[in-house]
Amino acid sequence: MALGIKLARVAIIITIFALWEALSRSGIVNPRLLPAASDTLAMLGQLLQRASVRNDLAVTASEVLTAFALAVPFGALVGFLIAENRYFAEVVKPLLFFAFSIPKSIFLPMFILVFGVGFAQKVGFGFFSTIFIVIMSTTTAVEQVKVEYLTVARSYGATSAQTALRVYLPSMLPVLLEALRISMIFNLTGVILAEMYASRDGIGHQIASWGENFQMKQLLAGVVMIATIAIAFNEGIRWVETRCSHWRT
Amino acid sequence: MGGNAMQPLANITPLKSVPRAGAIEVRSVGQVFKTSTQDVVALSEVSLEVKPGRFVVIVGPSGCGKSTLLMMMAGLRQQTSGTVTINGAPILKPDPDRVGVVFQEASLFPWLTAEENVEFPLALRGVAKSERRAKAQDALRLVGLDGFGKRHPHELSGGMKQRVSIARGLVQDPPVLLMDEPFAALDEQTRMTMGDELLRIWAATGKTVVFVTHSLTEAVYLADEVVVMSPRPGRMVDHLQVPLARPRTYEMLSGDAFGRLRDRIWRHIKKSA
């Protein structure tokens, strides 16, 4: 990629932080509402030293990863089975779109009633927020595997397991990675929302309580922290994606 | 490495002891597709005998069932009636020991390198890595792609990709090579070159080749025998011998004998159109 484009991007990010700093320092925006960028970043450094914040991060991470580890294989399997059976696919696909279009947050109170407040509620809601996008992406991924590839495998005597592992999986990989990336966004949103809504720990809970207590510096530091983690994950997968983009159709 | 491009498949040992060239027998084969409103006869009463080591081209307009017939020989499709046998035994499902298939363009796996693509049939049967690699390299050398093994398909030209496909078809040393319009997507010049390359490979390996195309020139240029088919329903309308000398040369294309053969095929096709 051209160096100029990269520089332009960095310049935009720096400008945002500079503007943020200037607005706060000059008093154009009330510094109590918008603490300066430098103060926020300093606060972020302090927060990361705190055992309680680290504990919250660990709690959230375990919830997010558990929900992800459950939703992705389960959703991929369901998506694969749907796409493999044409009749079933015709029946179920519109229903999936219905389910996908409903805002998941309206079900949050039900998750609290069923699971209580705790680990299971967050994982359950994270799973629920993620599963539909995983199923739908996998279905799409299976459908775009070229028939030619399957015919080649068949003509050389591949078993079903060999076809799944050696043809379907690599052929679907670019789409699956994209699905993984997008489903992580849904998953993270789900878990953090559940934490903000009703929780005793977790970084989402922390952010909500900083907001309620008008601790703007901590609140913004939390925002920067979560944003950075999410972007890092996203970019990591995107990097792998670009490496296999040449077999994308 | 660095061997000359003409080296035959001598050091590729077959996995089972089968003859290098196979005999194909197609006996009154028919294919009927059932749709909701009617039965469509795709192939009707096709019979054909291919002797070992022959180069047979099936030619015809689209919809004449030539690819369907080839897919039956490959065991990729089941006929409604009749039998297909190769070396005396019926073909009921794909049998890589007896048949290698070369498909139209874009049948290589883009996530594998050229040599991994060629190794694919061997990998399916659990052949050890080192043996696989050695055989793939022999096959790539045979098709003139020595040194290109590490490239991915998107780094190869259309002609090179089809060379890899041919190498993949030959890597298990099957007695029969079936080719389904392998050069259809190539430009005219590459197509001519690939035709010559294929004839060289055929001469070096002695395989029985059945080649499907809709190009009359390609058919006459390559074949020992040309089978002409016509559509609705798909059936054989002619089976002619090509008495042109080998090796075939570009000059033959403008000769009288060549022209007469091509005209004869063209008349059949025009009639059915």
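How many helices and how many strands does chain A have? Chain A has 10 helices and 0 strands, where helices (H or I, at least four residues) and strands (E, at least two) are DSSP runs numbered from the N terminus. What you're looking at is a predicted model, in which local features need pLDDT of at least 70 and side-chain atom pairs count only at pLDDT 80 or more, while totals for chains, interfaces and linings use all residues. Residues are numbered from 1 along each chain as its sequence is written, with chains lettered from A and ligands numbered from 1 in the order in which they are written.

**View 1. Chain A, end to end.** Starting from the N terminus, the elements read α-α-α-α-α-α-α-α-α-α.

**View 2. Two domains in chain A.** Chain A splits into domain 1 (1-32) and domain 2 (35-247), with bounds taken from an automatic or database domain assignment. Their C-alpha centres sit 30 Å apart. In contact are 7 residues of domain 1 and 5 residues of domain 2; contact here is a pair of residues whose C-beta atoms, placed from the backbone, lie within 7 Å. The domain 1 side of that contact has 3 nonpolar, 1 polar and 3 charged residues (Ala, Val, Leu, Ile, Met, Phe, Trp, Tyr, Cys and Pro count as nonpolar, Asp, Glu, Lys and Arg as charged, and the others, Gly among them, as polar).

**View 3. H8 against H10 in chain A.** The axes of H8(A) (residues 160-197) and H10(A) (residues 216-243) come within 9 Å and cross at roughly 170°. Axes are lines fitted to C-alpha atoms, for helices over the stretch in contact, and angles run from 0 to 180 degrees between N-to-C directions. That crossing makes H8(A) roughly antiparallel to H10(A), a label for angles over 145 degrees. Among the residues making the contact are Leu177(A), Met184(A) and Leu188(A) from H8(A), and Ile226(A), Phe233(A) and Ile237(A) from H10(A). By class, you'd count 11 nonpolar, 1 polar and 4 charged residues.

**View 4. The open sheet of chain B.** Here 6 strands line up as S6-S7-S8-S3-S9-S10, with mixed pairing; two strands pair if DSSP finds at least two bridges between them. S6 (99-102) and S10 (235-241) stand at the edges with a single partner strand each, so one side of each has no neighbour in the sheet. S7(B) (residues 176-180) and S8(B) (residues 208-213) pair in the parallel sense over 5 bridges, and Leu177(B) has Val209(B) as its bridge partner. Helix H1(B) (residues 66-73) packs on the sheet, at about 150° to S8(B). Helix H7(B) (residues 256-272) lies across S3, S9 and S10, running at about 15° to S9(B).

**View 5. A hairpin in chain B.** S1(B) (residues 24-34) and S2(B) (residues 39-50) pair in the antiparallel sense over 8 bridges. A hairpin through 4 residues joins S1(B) to S2(B), and Val32(B) is found opposite Val41(B).

**View 6. Where chain B touches chain A.** The contact takes in 16 residues of chain B and 14 residues of chain A. Helix H2(B) (residues 114-124) supplies the largest share of the chain B side, 3 residues. That side has 13 nonpolar, 3 polar and no charged residues.

Definitions and conventions. Two residues are in contact if their C-beta atoms, placed from the backbone, lie within 7 Å. Angles under 35 degrees count as roughly parallel, over 145 as roughly antiparallel, 65 to 115 as roughly perpendicular and the rest as oblique.
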